[in-house]
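Hi,

Here is the model I said I would pass on.

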Amino acid sequence: MVRFFRKFNKFKIKSRDLRRLIILNIFLFIFMFLFILLLLPTISPSFEVGAPNYSLSNIYGPNFSISGWINMSFDDESKDSLFSGDFSPGDLSNQDFTLGELLEVNPQYTYSCIPSDCENDYSLKSPNSISSDFGINYNKSEIIGLEFNGLVQSVNSFSMVFSSSFTDSSLTPQLLIDILDDEQVELGPSIPSGDFGSPNYGDYISNSQHGLATITTGNEYCNKMTIPPNPNIKVGAIVTRISGSGDAQFVMRVRDVSEQGSPDSNLLAWCTVSTNAPIGAIECIPRKDNNNLSLREEQEVFVCIEKSSESVGTSSYGLKHISGQNFSGYSGSEPGHNFEIFFRQGEYAPINTLTVNQDSVYNYGSIQGPLEDYVKIYLQERYNNNCTPNPCIVPIRLISGVDQNVGISGIIVEYTAGITNTINNTYFINESAPKITSNYQRLYLDGVNIKTPTSFRNYSFSLELKGEEVIDSKLIEVKNVPIINSLTPLSVASAFPTKFEVDVTSPQNVSVVSYKWEFYNAEGVVNRTEITNLNEVIYTYQSIGNYSLKVSVTDSRNLVSSRTFQIQVTSPKEMINITLNELKENVQGINSLISGFSDFEKSAILSALDLENVSSALDTLEEEYNDAITPSENLTELNRIILRLLTINVPQNIIVSFTATSFPFFIKPGSVDFDVLREIGGGSQNITDTDFYEQILAGWQENNLNVTFDYKEFSGSYHGNTRSIVKTFSFKINEKTNINYSYYLVFPNLDGIGFDRVMGQEGTFYYRTIPGGTNTQLKVYTVANVTFAQMPAFISPSIDKLGMGVIEDQEEEKDRMKTFIISLIILAVIGIIAYIFLYQFYKYKYEKHLFPNRNDLFNMVNYVNLAKKRGLGNKEIAENLKMSKWTSEQITYVMKKYEGKRTGMIELPMVSLLDKPKKKQNKKKLPKKGKMSQNFQNRNFSPKNPSNPRRY
């Protein structure tokens, strides 16, 4: 130690000085220790993992969501902090989600925020960062802010002027102003310049294959299009005169895709246009109530054309279209068309300046009340009007549609905070995510959709927050387990016995043998566990709140899969109110959504969902609910209403989940019912060999008909889970030959079956009689669990017509079979003779054919033997022999001969009888596997250097 200090201080130390130095170093050590101790709280992590830290299920199917929870607390943790999930080894990694996204799917998790409304926080970049003139690029934004101080009592005036250096017209809004940064634009350009962009035809594609539809009165021809924000638009079409002369007048209409109701309820605007040209574009500016159609946001619309009833000329005009599947337009009520219809987006006039005040925002239509009150409510809700000691920031986001410089002037913002204050400047501000603080609680991972890999194997799963470990190397097994699709209901009433039902899909030939239900209390602890043999259980929640329910299913292979659901428990009154509103919104949304479908598809969906009766039932329940809560709540009646509501299930969305076009239709084995066919078409022939007759029937269809169908499967989204609703089949029957008798298209009585026309019925079958000599189309829908290739229908003439050719066919079949068998025998004899010939050749002639001079064979074998002893491999030996001009066929033969392998054809037992008796053992043989006979080794070879494979 003394030497250390001497060396460290670089001078001679006396004993008294040494003691002082030691004491000084001790004090320095204590000071550093206390400093670090005091500093630790300020540098501690902003989150901690509790004990136990997590619980995850072990076994999943491919592409399953991770199920389980993590136990964490937070201290001023940013809401946009990033979690990262990783599977190793795996094809999925870095599945990221934010803390905010995790909190959204965990409504039971309690926490506090700074700011208190849990929205983004704002602060001045610096007291001197005055924003009076600055640049913004295209499609970018900038946030400026106003600073309020003190205890704000009122906002008395609010006005400012924004100027732009961009002085041209533009297809995009040059500048949008969002006061409070709440994604609601309070002011922007709205005056059209009179110029328009190029035509947009939506999904119509000009090509050589198109049809020409005659534009008639009383029938609309429409295209679905997405129109961006605009001050006005032009709509038009390319029309072609078919016949006649004189002016023709047309009506162009723009309809809202999302609206439903009377013919004019979704009408946004319209205009009329005339033409007498042989061919060309017609267009006009649609208006409503003398106002241009101006859209503030992107919107899906139908642009339609119809011949006006006021047309006076005799001319008839047509409209090009392309037809097929997955097209967005329609003619009348029939989808599957895209017409040569277009729109042209109007340009915005130069803005020069935008003045933000009460009049301008009111005229723009974004704020109906006073602008000053709008700002005052923000200060009250976000800051409780307390802007001391820290100032309150009112943000203003500027969104640019062009490259420009923005200037700010004329700021007149006055507010009362004890005295009247005036704000004369705006400032550049920083935007940051809110900070989250909470104690230890469980956060469930099910809702953030961390997906497992798709391959069956074991994985190591880890989870990190900002690079810090939360879950380290949890073993996850991906197997072919049952899939838990959904749970109903997810919203229940307190003190009400609720039946929960889980929907599960199992692998083929596997059944679910048990269901485990784990009900968690408000603290995240399991307070009841039920095991059932059925997919349902009854449970009563006693208190209002949000709870977790974990469902685990065990299949017949003893494999288990689990999923955790979040259950919202409310009062009976609130639950009925929420459920009624949700179901009514879903019904309205489905009716709106299917407006673009064909009439038949609408009928199929409405029938499958029974929407007409559902709507009537909801209206009745709403009336009963209103009676049950006035003048006081009737709990018994409310519980009865809940029971009825739980039986009603309407999807939030409808999608086309599968399609197949022009798919060939063939009779499925076992689908033909000959007894029903006899009752429908007559006939006395008794069918005993149904398999044989099904083959006959399949042959009849193949020879006489071309039958195809288009298939669609419609599925519904139920709280994020997709379930099949109905399938539609559109059959097309075209005759290949001239059939002069009737035949029948027959369907079994499948669940929820329906047709587009009246059908005959015989027992449990429906049928349609098809006269011979005609092509037919028929549409059918069903809710049964059949895929597009499994429809158990069949097409057949009467049994007598079918039996006319059976005997002849049987005799012809027998003759064909005899001919076939004789041909096989002849081919077999020829094959045997050819084999014997080739066998004899390879056994006795092939070697002489390759080596006319037998010394060549001995030379090559000797070289191979010597090369092997030198350690050369087969590949090197073969390459050396090739360089010496030996052929590949000779080399292959010698290598096989040397190693004792077969060099000829396989010897069959019958051939061995034809071989001559073997000669005596003194007949010379070539050695096998490198062991040569003494005579062979002593032979005098012609090459003087046998190690060289040269050919002489």
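Below is what I found, starting with the whole chain and then going to two spots.

Keep in mind that this is a predicted model, with local features needing pLDDT of at least 70 and side-chain atom pairs counting only at pLDDT 80 or more, while totals for chains, interfaces and linings use all residues. Numbering runs from 1 along each chain as its sequence is written, and side-chain values use heavy atoms, with hydrogens and water left out.

The chain has 18 helices and 50 strands (DSSP runs numbered from the N terminus: H or I of at least four residues for helices, E of at least two for strands). Of its 952 residues, 43% are buried (under 20% relative accessible area; exposed is over 50%, partly exposed in between; 1.4 Å probe, protein chains only).

One spot is Glu186, in the loop between strand 11 (175-179) and strand 12 (192-196). Glu186 is buried but has no salt bridge, and Arg397, the nearest side chain of opposite charge, is 10 Å away (a salt bridge is a Lys or Arg side-chain nitrogen within 4 Å of an Asp or Glu carboxyl oxygen; Lys and Arg count as positive, Asp and Glu as negative, with His and the chain ends not counted). Beyond neighbours within four places in sequence, its contacts include Asp178, Val361 and Tyr374 (heavy atoms within 4.5 Å).

The other spot belongs to strand 32 (residues 457-465), where Glu464 sits. Glu464 counts as partly exposed because its relative accessibility is 35%.

Cheers
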